Amino acid sequence: MLRLPKILTLLLGIVLVCSARAEIVVVVNLDSSVDSFSRRELVDLYMGRTQHFPDGSLVLRLDLPPDSQARSDFYRGLVNKSVAEVNAYWAKLLFTGRASPPQVISNSVNVLKAVRENKNAIGYLDSKDVDKSVKVVSRVD
Amino acid sequence: MSIDVRHSLTVRSGLTILAGSVVLTVALSTFFYQRIFDEQVTQADRQLQQLVATVESSAAVAAYLDNAELATDVVRGLTKNDIVVSAALQSATGMRIVSGDVGGFDEAQLHQFPLSAPFTPEESIGSLSLQPNRPLIEQRAREVAVVYIATLVAHSLVLTILTILLVHWRLARPLTALARDLHEIEPGSASRLPLPTHRRRDEVAQLVDDINALLAATQGTLEGERRLRQYVESVERRFRLIFDHASCGISLVDKNGLVLFSNPSFNRIMSQGRPAADMTNFLQLFDDPAQVNLLLLHAVTEDLPVSVDLLLSGELSGNARWLHALFSSVRNEDGDLLVECILYDISERARREREVQHEAERDALTQLYNRRAGERHLRQALVQVATDQQPCALMMIDLDRFKPINDTYGHEAGDRVLIAVSQRLSQSLRKQDVVVRWGGDEFVVLVFTGKNAEAVPLVADKLLQAVSQPIDLGGGRSGQVGASIGIVLIPEHGLQLDDLIAKADSTMYEVKEHGRHHFSIYREPASPAALNSGA
């Protein structure tokens, strides 16, 4: 005979684990002039409206692979869209030849690396993967 | 029968249906035209909104990114719809992309749709402006409305025509035919209405049946009345025949004696021998109007028929005309009492009766009363004498020397003597006096002498004188007879005829015994008979 409180605690735990979204952090090069990004600035950057940092330098946007959990969590948190929806958005703009989606990086380690190496790069990754080699300018959850 | 076409059932009902249909169609058309037009315009607006909704996300993205290519694509796509004249996409950051008839922008008709940022809906990032093709939209709305109205009108028209035709074929035509047929049928004839050709039992067929039943009833009634009229006429003819050809006079007289109605025999009887007589005054037609008037009143008041013989007026006594009259009261339709008079001319019968009476009463030879009639007349006269207290004398006359003449010259001579004596006796007396041939050569006379007692001998002498004149016996011979007369005085010597006769007879025999050709007046037996000698 199972004890009811124990079962309830177990179930609650499962639900919390499943619904929990990892916190995503947006990072830039330590030398970047930018210290923080508002949510709106972040949206404009990633959705292609803004091509430049506030200081005028061209932005290199970095994306994670479409099947990564972090990418899914990032766009869900940023514009409340699925990865597929964001892909469709970019597909619509592709024919105009004027807009291009962020560059895809294979994993968060490589994102960290690319940001470290490029002053104008901006990327995102799971907060647990971040280290002190980059500057966190925003958090998305 | 002619029916004004304007008033025919088909035309009137048709016009009514047509008018109703026209009014209804016009009302419905007016109502629905505006409604459909408005609906079409509203629908076009909705179409515009739907168009915008279709391209909204792309337009939003184009405005978000200031992407001219995408914006151009969007506005071009919009202007490909014929209800959009021109479209413009404007971003908050200043991009403005226009497509279509740019010059035709009319701010008043412009439809503005705000665009919000694709990822931050609370942020407005521009707008989409559309210039709808208002003339096209309205023209289409009109077309749709007109098609609808045309359908409505056609529908109404077809229904109206159908209804009129139906009324005409199913109602007006059979009724018109029925009215025409009925108009041609003579009331009382054997003609009947033909049954409608379609066999169904509708109201018209029922009407035909009922009318035919009425026609049959009318025919029966009229035939019955005609037969009755013929019967009455024949009866009336027969009665008229009887009335006109009756030998008796028939008339209706009111209680004042005015002749209201009479048959030909009445006029014939009344006018016979006096053509100028007034046929309307009943009373004056008779000898005694007052008597007739009383009889009429009697008939009316007693309500009993009066049967009486009446003498007509204006006749000489020798040619007197007698009528037998039956008076009975009748009441006419107004309740007035009238007298029905039935009159027979009995003059001829009365004359014959008088002749028969004469033959029965008179002695064939002398034309004097025979003994039987004489006795009756004498008795009547005696009754009259008793009531009137009028003295008279009865004389028994026996001829003297009659037998020798009869024996010598034969019966013919004797008859001549009797005829001559009878004539002389009658001529010597007055009319009211009675002369009777008592038998053989015996005569009895009753003489009304009056109060004058001297008259009796004078009369007796006169008679003796008359008898004793010579008599022509025929063959150139002449003879002479005398008479013995016995006289009784009435009422002095009695009132009973037999007694008087016996007394006169015995007195006459006394005369004969005392020398003949005398007269003697009876004396009572107590005293000796007195003899008076005559001339």
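**Notebook: chain B**

I looked up the domain centres to begin with: the C-alpha centres of domain 1 and domain 2 of chain B lie 123 Å apart. The model is a predicted one. I noted the bounds from the domain assignment: domain 1 covers 5-141, domain 2 covers 252-351 and domain 3 covers 362-521.

Next, I looked at the chain as a whole. I found 12 helices and 16 strands in chain B. Its radius of gyration is 70 Å, well over the 24 Å from the globule rule for 535 residues, so chain B is more spread out than a compact globule. Along the principal axes, I read a box of roughly 215 × 45 × 35 Å for the C-alpha atoms. I also noted that 40% of the 535 residues count as buried. The accessible surface is about 30400 Å², and carbon and sulfur atoms hold 56% of it.

Then I turned to B:Ile250, which sits in strand 5 (residues 249-254). Is B:Ile250 buried or exposed? B:Ile250 has a relative accessible area of 18%, and the cut-off for buried is under 20%, so B:Ile250 is buried. Leaving aside neighbours within four places in sequence, I listed its contacts, among them B:Phe243, B:Phe261, B:Phe266 and B:Cys341. I also looked up B:Leu326, 76 residues away along the chain; its C-alpha atom is 9.7 Å from that of B:Ile250.

Last, I looked at B:Val22 in helix 1 (residues 9-65). B:Val22 is partly exposed, with a relative accessible area of 47%. I found B:Val22 in a nonpolar surface patch of about 490 Å², together with B:Val5, B:Val11, B:Leu15, B:Leu18 and B:Val26.

Conventions. Residues are numbered from 1 along each chain as its sequence is written. Chains are lettered from A and ligands numbered from 1 in the order in which they are written. This is a predicted model: local features need pLDDT of at least 70, side-chain atom pairs count only at pLDDT 80 or more; totals for chains, interfaces and linings use all residues. Side-chain values use heavy atoms; hydrogens and water are left out. Helices (H or I, at least four residues) and strands (E, at least two) are DSSP runs, numbered from the N terminus. Buried means under 20% relative accessible area, exposed over 50%, partly exposed in between (1.4 Å probe, protein chains only). Contact means heavy atoms within 4.5 Å. Patches are made of residues with over 30% relative accessible area and no salt bridge: like charges are joined within 9 Å, nonpolar side chains (Val, Leu, Ile, Met, Phe, Trp, Tyr) within 5 Å. Accessible areas come from the Shrake-Rupley method with a 1.4 Å probe; for residues, only the protein chains shown count as cover. A salt bridge is a side-chain nitrogen of Lys or Arg within 4 Å of a carboxyl oxygen of Asp or Glu. Domain bounds come from an automatic or database domain assignment. The radius of gyration is taken over C-alpha atoms; the globule rule is 2.2 Å times the number of residues to the power 0.38.
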